[in-house]
Amino acid sequence: MFVTSDAPDLVRNTDIQEDLKKLANSADFGWIAFASDRLAEVERGMRRNLLRSLSLDAFATALEKV
């Protein structure tokens, strides 16, 4: 968020700042919120001991489609 909000002086990991810029250009806040929601679903499924590999595969597929 610091990279995209024109506050590069607030970025902590200055050694990987170029990589962070690439990531910031490819993922907007909406995508991050979507990924966070899906990850919470995966976590709930893990607690209920559902099919873990299927849950993780579905999570990865959902992120690719967005």
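Here is a short chat about the predicted model shown above.

Q: Before we start, what should I know about this model and its numbering?
A: This is a predicted model, in which local features need pLDDT of at least 70 and side-chain atom pairs count only at pLDDT 80 or more, while totals for chains, interfaces and linings use all residues. Residues are numbered from 1 along each chain as its sequence is written, and side-chain values use heavy atoms, with hydrogens and water left out.

Q: Thanks! How many helices and strands does the protein have?
A: There are three helices and zero strands. Helices (H or I, at least four residues) and strands (E, at least two) are DSSP runs, numbered from the N terminus.

Q: And what pattern does that make along the sequence?
A: It reads α-α-α.

Q: What about the overall dimensions?
A: The C-alpha trace spans about 45 × 20 × 15 Å along its principal axes. The radius of gyration of the protein is 15 Å, whereas a compact globule of 66 residues would be near 11 Å. That radius is taken over C-alpha atoms, and the globule rule is 2.2 Å times the number of residues to the power 0.38.

Q: How much of the protein is buried?
A: Of its 66 residues, 18% count as buried. Buried means under 20% relative accessible area, exposed means over 50%, and partly exposed is in between (1.4 Å probe, protein chains only).

Q: And the accessible surface, what does it come to?
A: About 5,500 Å², with 56% of that belonging to carbon and sulfur atoms. The areas come from the Shrake-Rupley method with a 1.4 Å probe, and for residues only the protein chains shown count as cover.

Q: How is a pocket defined here?

Q: Why roll a probe at all?
A: Because a probe the size of a water molecule, rolled over the atoms, shows where empty space is left.

Q: Which helices supply residues to the lining of that pocket?
A: Helix H1 (17-26) and helix H2 (29-47) each supply at least two. H1 gives the most, with three residues.

Q: How do the lining residues divide into nonpolar, polar and charged?
A: Ten are nonpolar, two polar and two charged.

Q: Now for charges. How many salt bridges does the structure hold?
A: Two. A salt bridge here is a side-chain nitrogen of Lys or Arg within 4 Å of a carboxyl oxygen of Asp or Glu.

Q: Which residue forms a salt bridge with glutamate 41?
A: Arginine 38, with the closest N and O atoms 3.0 Å apart. Both lie in helix H2, three residues apart, which is about one turn of the helix. Glutamate 41 is partly exposed at 40%, as is arginine 38 at 22%.

Q: Back to leucine 23: is it buried or exposed?
A: Exposed, with a relative accessible area of 52%. Leucine 23 has its place in helix H1. From leucine 23 to valine 3 is 20 residues in sequence and 9.6 Å in space, C-alpha to C-alpha.

Q: Last one: where is phenylalanine 34?
A: Phenylalanine 34 is in helix H2, and it is partly exposed at 25% relative accessible area. Its C-alpha atom is separated by 27 Å from that of aspartate 9, 25 residues apart along the chain.

Methods. Nonpolar A, V, L, I, M, F, W, Y, C, P; charged D, E, K, R; others polar.
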